[in-house]
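Hi,

Here is the structure I promised to pass on to you. Have a look at it first, and then read on for what turned up in it.

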Amino acid sequence: MIGIGIDIGSVATKGIIINGDKQCRAMVPTGWSPRDAGQAIIDQLLDLSGIERQEVEHIFVTGYGRVAFEQADKTITEIKCHARGIAELYPEVRTIIDIGGQDSKVIRVGEEGRVLDFAMNDKCAAGTGRFLQVMATALGLDVSELGQSEEPARNLSISSMCTVFAESEIIGLLARGNDKGGIIAGLHQSVGKRVAAMARRMGIKEQVAFTGGVAINLGVKRALEEEIGCMVIVSEACQYTGALGAALLASQL
Ligand code: ADP
């Protein structure tokens, strides 16, 4: 069965089309219209795969923008999609830590991606991709440069929990001549600490997978591993985990 899964996130819209054992994926910035972003992803996936729209049996949508996208046959929670996506990639995983653009989540899963419990921070930008985007701008960098620019040996602890205060703290640290590398390591540690605290409250069971766009950042992975005290698995397509789950559910209905 041919199915499409779309994850309309606060920053990026990701999509995967599954046709038997073949997959294609695409990503666009969500911008101001979740509906347009969802449509752009469908067009790109059909283009890339050479599949006609009428050949697609189901389109399932997840992510914060899912309710605005009426073209989908079904909306599914991000929790369920991440659990399904990880069960396919790493069936031994029992804890998923997802850090996206505007929230972070910890999901405890059983066999075959069954969701046992979850916790979510969607009230505050600290501990999310948004926090890192704001800090990257203050440092004159792109968010994709943070991972390779950190110097953990010179880690400067960032004391402000609030994104606005943390930005001022960084501007102050730069003004006093501190190196960017140490500041960036401190920022990664701050995200790692916050998310690890949520994971500990939930109870961490190995193996642990790290998903969402922030998982691309090797500095956050390092900090998270230090804070939770075990290794985390990151797939090469970590940002697509939700879309993969939705596509698997759509193609295996
Ligand atoms: P959403 O689903 O809310 O759109 P994503 O899971 O797509 O969020 O993650 C978006 C976040 O991922 C951004 O806020 C940014 O911090 C991070 N990110 C995206 N691309 C990269 C990259 N190339 N390197 C490091 N971090 C990245």
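**What I found**

His82 is buried, with a relative accessible area of 4% (buried means under 20% relative accessible area, exposed over 50%, and partly exposed in between, with a 1.4 Å probe and protein chains only). Before going further, please note that this is a predicted model, in which local features need pLDDT of at least 70 and side-chain atom pairs count only at pLDDT 80 or more, while totals for chains, interfaces and linings use all residues. Residues are numbered from 1 along each chain as its sequence is written, and side-chain values use heavy atoms, with hydrogens and water left out.

**Two residues of helix H2**

His82 belongs to helix H2 (helices, H or I with at least four residues, and strands, E with at least two, are DSSP runs numbered from the N terminus). Its side chain makes a polar contact of 3.1 Å with the side chain of Thr211. A polar contact here is a pair of N or O atoms within 3.5 Å; within protein, one must be able to donate a hydrogen and the other to accept it, and residues adjacent in sequence count only if both atoms are side-chain atoms. Setting aside neighbours within four places in sequence, His82 is in contact with Ile96, Asp98, Ile107, Thr211, Thr241 and Gly242 (contact means heavy atoms within 4.5 Å).

Ile86 is also found in helix H2, and at 4% relative accessibility Ile86 counts as buried. Beyond its neighbours within four places in sequence, Ile86 is in contact with Pro91, Val93, Ile96, Ala209, Thr211 and Thr241.

**Helix H8 and its cover**

Thr241 brings us to helix H8, residues 241-251, where ten of the eleven residues are buried. Among the buried ones are Thr241, Gly242, Leu244 and Leu248. What covers the buried residues of H8 includes strands E1 (2-8), E2 (12-19), E3 (22-29) and E4 (58-62), helix H2 (78-89) and strand E9.

**The cores**

The largest nonpolar core has 35 residues, and those with the most contacts inside it are Ile97, Ile99, Phe131, Leu139, Leu187, Phe210 and Ile228. By nonpolar core I mean a set of buried Ala, Val, Leu, Ile, Met, Phe, Trp, Tyr and Cys residues joined through side-chain atoms within 4.5 Å. The elements giving two or more residues to this core are strand E6 (95-99), helix H3 (129-138), H5, H6, E9 and helix H7 (218-228). H6 supplies the largest share, nine residues. Leaving out neighbours within four places in sequence, the contacts of Phe210 include Ile97, Ile99, Leu224 and Val234. Apart from this core lies another, of 18 residues, among them Ile8, Val28, Ala37 and Ile51.

**How the helices pack**

H5 and H6 pack at an angle of about 155°, with their axes 10 Å apart. Axes are lines fitted to C-alpha atoms, for helices over the stretch in contact, and angles run from 0 to 180 degrees between N-to-C directions. H5 and H6 are therefore roughly antiparallel to each other (angles under 35 degrees count as roughly parallel, over 145 as roughly antiparallel, 65 to 115 as roughly perpendicular and the rest as oblique). Ile170, Leu173 and Leu174 in H5 meet Lys180, Ile183 and Leu187 in H6.

The axes of H3 and H5 come within 10 Å and cross at roughly 25°. That makes H3 roughly parallel to H5. On the H3 side, Phe131, Val134, Met135 and Ala138 meet Thr163, Ala166, Glu167, Ile170 and Leu174 in H5.

**A buried glutamate**

Glu150 sits in the loop between helix H4 (146-149) and helix H5 (163-175), and at 13% relative accessibility Glu150 counts as buried. Its side chain makes polar contacts with the side chain of His188, at 2.8 Å, and with that of Arg222, at 2.6 Å.

**Two backbone points to check by eye**

Most residues other than glycine have a negative phi, and most peptide bonds are trans. Glu112 has a phi near 55°, a positive value in a residue other than glycine. Glu112 lies in the loop between strands E7 (104-109) and E8 (115-121) and is exposed, with a relative accessible area of 76%. The peptide bond from Glu206 to Gln207 is cis, with omega near 0°; Gln207 is in the loop between helix H6 (180-202) and strand E9 (208-211).

Best wishes
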